[in-house]
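Dear colleague,

I am handing over the structure below, and my notes on it follow. Please read them with the sequence open beside you.

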Amino acid sequence: MDPLQFVSTARVAIVAGKGGVGKTTVTAVLARAAIRRGLRVLVVELDGKPTLDDLLPGVDVQHISASAALGEYLDTHGLSRVAKRLASSGIIDVVATASPGIDDIVVLGKVKQLERSGRYDLVLVDGPAAGHAITFLLAAKGLLATVRGGPIAAQATDVAEMLADPTRCQVVLVTLPETTPVNEAVETAAALRDRVGVHLSPVVVNAVDHGPLLQADAAPEGSAMRAAAEFRNARRSLHATEQARLADELDLPQLTLPVVPGSVLDAEAIDHLADQWDPR
Amino acid sequence: MTTLHDHLATAEVLVCCGSGGVGKTTTAAALGMEAARLGRRAVVVTIDPARRLADALGVPGGLTNDPVRLDLDEPGELWALMLDTASTFDGLVRANAADEGQAERILANRFYRNVAGSLSGTQEYMAAERLHALHLDPRFDLVIVDTPPTRNALDFLDAPSTLSRFIDHPLFKMLMLPTRRGLKVFNVAAQPVLKTIGKVVGGDVLADAVAFFQAFAGMETGFRQRADEVITLLAGDVTRFVLVASPRRDTIEEARFFADRLRRSGLSVGAVVVNRCTPTFGDAPAKRPRSAAAAALYDNLVALHATADAERAHAADLLRGDALPDDVHTTFVPTLPGDVHTMDALAAIRSHLFPAAR
């Protein structure tokens with residue numbers, strides 16, 4: 001079976017995972033691989049620093065900030081006067097405070113609008129940093145539990161519908177083949193399924209040191225070659241063990257990306273990583 | 001040059017900062033262990049919701065908002081806690097309220113319950129607040145803080161405007177003026193700007209928010225004073241910042257961002273820790289061996305050393321320029337063969353952080 005088939009099953013894919021697991025790398029590689037398949041791809045970057053433009057030359061990258069998305073939403077829903085007044089008094093922040101999660105909802109609302117525009121086959125979202133994926137995706141449900149009317153509630157309803165529909169949206173979880181990240185991925189997957197109700201695509205295990213174990217005793221004990229081989233073998237064993245444990249504890253297919261040698265991530269490295277999934 | 005060890009022996013507050021996934025929490029825990037070995041009574045505060053520190057320290061059932069003492073065979077003590085933003089905020093409200101009634105009104109407010117743990121900036125603020133309280137706590141003489149892995153982790157340095165998040169909030173300011181003139185809630189809510197906000201977010205949400213800020217009236221002096229004290233503590237000589245990074249180009253760039261951020265606040269990095277460095281193993285033989293098995297070992301050694309060299313070059317980028325003080329003490333910690341989620345592994349990290357002390 002084609003492991004990348006999932007990129008064409010839903011228009012929106014949100015890449016999620018803890019800080020440092022390589023969400024941005026995975027977003028870029030998925031974008032590159034999807035483009036090679038002829039899909040029209042848009043990459044969405046939230047707030048943060050713009051790194052994806054450099055990693056994906058020639059690809060549509062859009063940066064979405066909560067305040068711009070809110071202003072735009074009000075503008076296109078006959079509330080332009082409201083939008084102007086809020087913007088001029090610098091009060092977007094007040095709105096966001098009065099209604100927690102509203103910033104997440106308008107951002108996801110913007111993603112939904114891009115999905116509906118029909119201009120793209122795949123909208124890839126480089127998810128929010130650190131442990132915020134669950135809060136981010138729960139915002140719409142949370143707001144609907146307390147607010148009944150108003151334009152933001154309408155927006156939340158649309159967002160909740162999109163998240164719950166596996167033909168429209170899925171979450172790509174990213175993890176590393178180490179003990180703590182695997183534990184976190186398993187916990188996050190359960191929370192996303194039970195509390196958000198969103199469909200999960202294959203999980204991506206990033207920075208895996210592949211390869212067979214080296215025959216360490218081919219070098220004399222105490223030699224540099226022997227020590228290096230033992231170290232490498234220990235890392236490879238750890239990665240294999242943790243990947244197997246992830247398979248045991250999380251019933252999702254796995255995609256893997258190898259560790260990038262030289263620790264430099266640039267457009268060329270992304271292209272090279274995409275070869276792993278989709279040879280040119 | 002002041003070494004990491006010197007800082008550990010003399011500081012009263014150590015703040016570990018850096019981007020996500022660089023091993024900040026592990027570093028904070030290893031520093032705490034070493035502090036206990038030096039006879040200090042240290043407490044490590046983590047903000048990580050993933051219970052990483054609890055995993056590493058082997059605390060059954062995880063860490064809580066109250067410090068627990070860890071079972072170490074050292075002359076000093078090591079305590080650990082996981083910051084609970086909402087209950088820290090509750091405590092702050094109780095401490096600053098004029099009376100029980102005001103505290104209860106705020107704590108029961110639906111808006112407050114929603115934002116206490118989630119408003120952006122609140123976590124950073126509460127981390128600083130907790131740090132201040134622990135610094136005054138007679139049980140401890142060293143507080144080690146593990147900051148959130150976000151770019152705005154150091155926003156609490158921008159005092160008092162960011163620190164006193166609520167009192168400087170535009171909504172609060174807007175509400176305070178009419179309240180002083182004796183206007184009632186329904187009148188406040190009739191203001192054009194508030195009406196507009198109500199239209200967007202819904203009337204009852206706004207009413208809760210207005211009620212919260214009104215209940216808050218009178219507490220701002222206490223909050224502001226506390227904010228000033230925290231800033232004085234952070235800027236003082238007893239506080240040192242430890243910048244944690246890993247030797248990848250992207251995380252080194254983030255580390256540079258944090259260093260600049262500190263410098264702009266008039267603070268400087270006391271020490272740098274670069275985690276997860278590919279280890280080196282001594283010289284490779286002059287010639288690649290002929291047997292296939294030995295040649296594979298040779299290639300592996302050469303490849304690991306090439307990676308290690310590239311990593312050193314990235315780390316050198318961080319130390320170059322004026323982001324960091326010239327003589328800042330830098331420690332390179334190698335990647336361990338296994339994963340760091342046990343006390344033994346933490347002890348191994350510690351021995352790399354403090355090789356001279358072994």
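In chain B, Arg249(B), Ile252(B), Ala255(B) and Arg256(B) of H13(B) meet His314(B), Ala315(B), Asp317(B) and Leu318(B) of H14(B), a contact being a pair of residues whose C-beta atoms, placed from the backbone, lie within 7 Å. By class, this contact has four nonpolar, one polar and three charged residues, where Ala, Val, Leu, Ile, Met, Phe, Trp, Tyr, Cys and Pro count as nonpolar, Asp, Glu, Lys and Arg as charged, and the others, Gly among them, as polar.

This is a predicted model, in which local features need pLDDT of at least 70 and side-chain atom pairs count only at pLDDT 80 or more, while totals for chains, interfaces and linings use all residues. Residues are numbered from 1 along each chain as its sequence is written, and chains are lettered from A and ligands numbered from 1 in the order in which they are written.

Helix H13 (residues 249–264) and helix H14 (residues 292–319) of chain B pack at about 15°, their axes 9 Å apart; helices (H or I, at least four residues) and strands (E, at least two) are DSSP runs, numbered from the N terminus, and axes are lines fitted to C-alpha atoms, for helices over the stretch in contact, with angles from 0 to 180 degrees between N-to-C directions.

Chain B also holds an open sheet of eight strands with mixed pairing, in the order E3-E4-E2-E5-E1-E6-E7-E8, where strands pair if DSSP finds at least two bridges between them. Its edge strands are E3 (68–69) and E8 (329–334) of chain B.

Best regards

Note on methods: Two residues are in contact if their C-beta atoms, placed from the backbone, lie within 7 Å.
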